[in-house]
Amino acid sequence: MNKPLASVPDNGVLPTWEALLFFALIAIYLAPIWVLPYFPSQDGPIHLYMAQVLADYDNPAYSLVKEYFQVRFEWNRNAFTSVVLLFLFKFFPMLVAEKIYLSIFIVFFPLAVAYAARALRRDTLAPAFFAFPFILAWMLIGGLYAFAMSNIPLFLALGYWLRIQDRYTPMRIGTLAVLCFATYLVHIFAAQELILIVGVATLWLVGRDVVVTSTGAPSRSKVWMRAWTAVRRKGLPPFLAVLPVIVLILAFVTDQGIHQPRGVEWLSRMTSLLLLLPLNALATTDLYFSVPINTMLILLLILGVGRWRQEDLSKRPVTGALLAVVVFYVLTYPFIPSQVGANTNIEVRHATYVFLAIILWLAAHPLSSRTLRRYGLAVAVIAVLFAGYRQYQFTRLNDYMAEYLSAFDLVAANTTVLPISLAPVTRAGSDVPLAQPNDVFLHLGALVAARRHAVYLKLFQAATASFYPLVYWPERNPYRMLTSRLDQAPPSGLHFAYPQGGGGRIDYVMLWDPVGQAAENPEARSILARLEAGYDLVFVSPQRGLARLYRRRD
């Protein structure tokens with residue numbers, strides 16, 4: 001079970017300098033998390049808030065949360081991040097707990113990719129170097145903490161599956177089933193991708209065995225017998241391992257529904273692949289890094305396919321199987337749904353696995369170690385520069401985040417908070433966009449609510465009773481009672497009072513007002529006028545005056 005599956009020319013010796021470089025990259029990617037007070041992410045504060053609500057739910061001192069939220073732990077709920085953070089809150093302050101959670105991903109995600117790649121060849125870690133730029137990218141900056149973390153058990157499961165090819169036993173099938181179920185528990189989407197990768201690769205391997213073993217068969221009965229042998233040996237064991245999770249996923253999709261937008265443009269989605277969309281998380285300047293990385297992956301893909309000989313089909317069947325996975329992802333990408341239940345941005349999640357599948361295929365292909373190391377060193381250099389650039393971006397963002405959060409001490413505990421942004425794009429001065437395409441200020445108010453044990457009235461995950469452990473009570477749901485467009489900047493049709501009989505209230509309004517936007521937007525002017533009529537302005541941020549806090553007049 002220790003021999004590389006792909007039978008790549010491989011002396012099995014990993015150079016010490018390569019291993020040291022690998023762990024140095026892990027340390028470099030940890031630095032932006034720990035040297036700054038805040039990690040900029042769009043939905044990250046929401047995860048902290050949900051964990052804090054779970055901690056406060058039975059505390060009489062913060063009884064207001066029970067009037068707005070109900071807690072549901074069910075089979076189809078995404079509760080992993082909330083539960084882990086809730087545990088960490090027992091030992092560490094909130095922001096330190098978040099840093100520890102993120103650090104677990106930063107350390108173990110590249111290690112899991114390396115584990116899977118080393119099932120295919122052991123003389124180089126170069127393919128795993130391509131995983132580093134994905135760390136401080138769309139997964140974490142978008143705040144998809146559970147989705148990001150789920151890639152660790154996904155690659156552990158893939159690495160284990162690659163190691164037990166043609167050596168299935170009941171114990172190994174059970175272990176693979178446990179790893180698949182663990183992936184599902186962290187995030188359902190990663191479990192679906194694991195099943196797709198294993199399924200497509202297995203279909204290729206079984207199909208190849210059927211063709212090879214049936215050639216020259218003396219009778220049709222012999223053909224069927226050999227085909228069944230191939231299915232029984234290579235197809236049935238992994239199918240049994242993933243079957244329980246397949247049932248759970250089908251039940252989830254049936255319950256949640258699939259949303260496919262009309263008029264999906266093939267050219268637009270394929271262009272996003274060429275630009276390595278999952279890396280572009282903060283600004284258009286991210287393209288300076290994503291395009292070179294994707295260019296190297298494409299060049300290696302072309303180089304590998306060009307050197308693939310006919311005899312490789314028999315000597316290295318897994319190479320063909322993983323290439324089939326890459327082709328499958330590329331061809332299906334334009335047609336996948338954009339949303340399943342409360343899971344949005346499905347196309348970006350799916351795009352991530354196009355590139356991760358190419359990384360695995362590189363490890364399986366008989367390219368020379370020298371060739372892979374050259375590209376690996378190149379991507380390592382880009383990864384270091386990318387981490388430095390992220391550090392620069394995060395430093396600038398932290399300055400603005402500190403301004404946004406500067407009023408949190410003035411928010412009383414056991415009250416309600418409604419954050420409002422008056423513009424969708426925040427700028428430092430007039431030139432540098434700080435929050436494109438992920439607006440790290442969109443839910444930053446959740447961090448204030450979490451630290452002050454208040455009710456956050458902009459928790460979109462709780463607005464629908466579908467996927468998360470917290471759900472608004474219907475009569476207190478602000479997305480129903482105030483406006484369904486709370487996440488817009490500015491929110492249109494906003495009411496500052498619950499309907500009579502609803503019992504809800506808005507105690508504080510946190511206003512994030514980029515310079516000049518309030519005067520230019522009629523909706524923003526209307527919001528300001530209504531705030532002045534019913535609320536007192538109790539704080540204006542001294543830095544730039546971008547953050548304001550309003551308190552309801554009693």
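Guide: Helices (H or I, at least four residues) and strands (E, at least two) are DSSP runs, numbered from the N terminus. This is a predicted model, in which local features need pLDDT of at least 70 and side-chain atom pairs count only at pLDDT 80 or more, whereas totals for chains, interfaces and linings use all residues. Residues are numbered from 1 along each chain as its sequence is written, and side-chain values use heavy atoms, with hydrogens and water left out. Read in this way, the protein chain has 21 helices and 11 strands, and Arg121 is placed in the loop between helix H5 (94-117) and helix H6 (126-129).

Visitor: Is Arg121 buried or exposed?
Guide: Buried means under 20% relative accessible area, exposed over 50%, and partly exposed in between, with a 1.4 Å probe and protein chains only. Arg121 has a relative accessible area of 1%, so it counts as buried. Across the protein chain, buried residues make up 57% of the 554 residues.

Visitor: Which residues is Leu48 in contact with, leaving aside its neighbours within four places in sequence?
Guide: Contact means heavy atoms within 4.5 Å. Leu48, which is found in helix H2 (residues 44-56), is in contact with Leu85, Phe89, Met94, Leu95, Glu98, Leu447 and Ala450 once those neighbours are left aside. Its relative accessible area is 1%, so Leu48 is buried. Its C-alpha atom is separated by 9.0 Å from that of Ala97, which lies 49 residues apart from Leu48 along the chain. For the protein chain, residues 24 or more positions apart account for 79% of the contacts with a separation of 6 or more.

Visitor: How should I read a pair of packed helices?
Guide: Two packed helices are described by the angle between their axes and the distance between the axes. Axes are lines fitted to C-alpha atoms, for helices over the stretch in contact, and angles run from 0 to 180 degrees between N-to-C directions. Angles under 35 degrees count as roughly parallel, over 145 as roughly antiparallel, 65 to 115 as roughly perpendicular and the rest as oblique. The axes of helix H15 (residues 317-332) and helix H16 (residues 346-364) come within 9 Å and cross at roughly 160 degrees, and H15 is therefore roughly antiparallel to H16. The contact includes Leu322, Val326 and Tyr329 of H15, together with Tyr353, Ala357 and Trp361 of H16. Ala, Val, Leu, Ile, Met, Phe, Trp, Tyr, Cys and Pro count as nonpolar, Asp, Glu, Lys and Arg as charged, and the others, Gly among them, as polar; by these classes the contact of H15 with H16 has 14 nonpolar, 3 polar and no charged residues.

Visitor: At what angle do the axes of helix H4 and H5 cross?
Guide: The axes of helix H4 (residues 80-89) and H5 cross at roughly 125 degrees and come within 9 Å, so H4 and H5 are oblique to each other. Among the residues making this contact are Leu85 and Phe89 of H4 and Met94 and Glu98 of H5, and the residues of the contact divide into 9 nonpolar, 1 polar and 1 charged.

Visitor: What should I look for in the backbone?
Guide: Most residues other than glycine have a negative phi, and most peptide bonds are trans. Asn414, in the loop between helix H17 (369-404) and strand S4 (416-421), has a positive phi of about 60 degrees although it is not a glycine. With a relative accessibility of 23%, Asn414 counts as partly exposed. His453 has a positive phi of about 55 degrees, and a cis peptide bond, with omega about -5 degrees, joins Ala489 and Pro490.
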